Amino acid sequence: MKKAQKNDIIIELQDVWRTYIMGDAKVHALRGINLKVHKGEFVAIMGPSGSGKSTAMNMVGCLDIPTKGKVLLDGQNISSLHESDLAQIRGRKIGFIFQKFNLINTLSAKENIMLPMIFQGMPENERHDRAENLLKLVDLQDRADHRPNELSGGQQQRVAIARSLAVEPEVILADEPTGNLDSKTGASVMDFLKKLHNEKGTTIIMVTHDEHVARNAQRIEMLKDGEIIATKHK
Amino acid sequence: MVGMTLQHLVLQKLHEQPQTGYSLRKEMGQSTGQQPSFGSIYPILERLAAEGMVSVKEDGRKKVYSITIKGRAAVTGVKQQQEQMFEQLITHSRMFCAVTGNNPAPMVTMLERLKKGEDPLRGISANAIRLRDLIFTLSQQGKISRNQKEINRALEDAIKRLEQLK
């Protein structure tokens, strides 16, 4: 199994279909998607709403199981894994930035960042040190004790980025990371993601409907009606 | 809403096997924790019969209700909707756990079983629902913060006893 890593593919979708049944009709949210993401790549999956972006994102993040086809994470077919094993692998390898599951409002910025570390069993001293470093990285060291609702949209998204980095993932998966932000704040969030990619070599997979945002990536996969209709390289 | 759920539940139970109103009431009490009254069950059965979803057969003094093809189709439709709802819940649980680092397995396994139509809490669901509702009521009445110690003690007692079963 380890041999599969030598070609450096971290996530691969092989002819992935996701079908929902609505009454008598079958709705194909994904129709045979093929996608390879290599370590260190910055890939954008772009498409209008209803194109299957969210479903594709769920597949890439191993959050949903395909109706047909295979999702390979580091060469391992995720359908054959037990839920807890999958969660462990997912937790070690992937950091998520979701649009809807953002920060926990009753916890401070620092506590939000420390949360994944607690569940990973990291000692308390280390947790504090790491969270403080991450806050510094996203330029929010003076906001450590603020609750999410005391932060601006851009600051919240930066806390979410810091939290996604808490467990040193190989891949960051970002769902519309600039979706709720004005264009200037969005651009600064994108700068953080690019910095991570350039300086730390983190693999980034980003889902967006916005072409300007997608242009930050090295490769753009265009999704329409559940199919990849074009691939653009920078 | 309660009326709708009760109607679905009646159909679901009749989908499993034909039975009388009396045994329906008893079974529904076991799986939901609240025994519906005859006054609510019989009008539902009559309505379902009028709509052609169930048929009635007299067996001596008893009336045995069974599901028709039309009723079965309704159950399957609801079942598909429910399955998709559970699939969404599963994905959301995984998302939430991915962000917090929590293990989604216990929750996901439970939802997978519910999706298949199993009843993972069979035999204890009545009390599980009572406990949940009780906690919600106490919270609504603002009695949780005032009685934190007392409530935690009661919960820890129960947890300790249940942990011995693991």
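What follows is a chat about the labels used for this predicted model.

Colleague: Let's start with the overall picture. What does the secondary structure of chain B come to?

Modeller: Chain B has eight helices and three strands. Going along the sequence, the pattern reads α-β-α-α-β-β-α-α-α-α-α.

Colleague: And into which domains is chain B divided?

Modeller: Domain 1 covers 3–67, domain 2 covers 78–120 and domain 3 covers 121–166. Between the centres of domain 1 and domain 3 of chain B there are 32 Å, taken over C-alpha atoms.

Colleague: How does the radius of gyration of chain B compare with that of a compact globule of 166 residues?

Modeller: Such a globule would come out near 15 Å, but chain B has 20 Å. The C-alpha atoms fill a box of roughly 55 × 35 × 30 Å along the principal axes. As for burial, 26% of the 166 residues of chain B count as buried.

Colleague: Now the rings. How many aromatic pairs are there over all chains?

Modeller: The count comes to three.

Colleague: Why is the pair B:Y22 and B:F38 called stacked?

Modeller: The ring centres are 6.3 Å apart, and the cut-off for a pair is within 6.5 Å. The planes are at 20°, while stacked needs under 30 degrees. Both tests are passed, so the pair is stacked.

Colleague: Where do B:Y22 and B:F38 sit along chain B?

Modeller: B:Y22 is in helix α2 (residues 21–32) and B:F38 is in helix α3 (residues 38–50). They are 16 residues apart, and the pair links distant parts of the chain.

Colleague: Which residues do the ring pairs link into a cluster?

Modeller: B:Y22, B:F38 and B:Y42. There's also B:R25, which lies over the face of B:F38 at 4.3 Å from the ring centre.

Colleague: How do you know whether B:Y22 is buried or exposed?

Modeller: B:Y22 has a relative accessible area of 53%, and exposed means over 50%, so B:Y22 is exposed.

Colleague: Why is B:Q84 called buried?

Modeller: The relative accessible area of B:Q84 is 18%. Buried means under 20%, so B:Q84 is buried. B:Q84 is found in helix α4 (residues 69–100) of chain B. Leaving aside neighbours within four places in sequence, B:Q84 is in contact with A:Y20, A:I21 and A:M22.

Colleague: And what makes A:G52 count as buried?

Modeller: A:G52 has 11% relative accessibility, and the cut-off is under 20%, so A:G52 counts as buried. A:G52 is found in the loop between β3 (42–46) and α1 (53–60) of chain A.

Colleague: Which residues does A:G52 touch, not counting those up to four places away in sequence?

Modeller: A:A29, A:L30 and A:L223.

Conventions. Residues numbered from 1 in each chain as written. Chains lettered and ligands numbered in written order. Predicted model: local features only at pLDDT ≥ 70, side-chain atom pairs only at ≥ 80, totals over all residues. Heavy atoms only, no water. Domains from an automatic or database assignment. Phe/Tyr/Trp six-rings, centres within 6.5 Å; stacked < 30°, edge-to-face > 60°. Helix = DSSP H or I, 4+ residues; strand = E, 2+ residues; numbered from the N terminus. Buried < 20%, exposed > 50% of the residue type's maximum accessible area, 1.4 Å probe, protein only. Lys NZ or Arg CZ within 6 Å of the ring centre and 35° of its normal. Rg over C-alpha atoms; globule rule 2.2 N^0.38 Å. Contact = heavy atoms within 4.5 Å.
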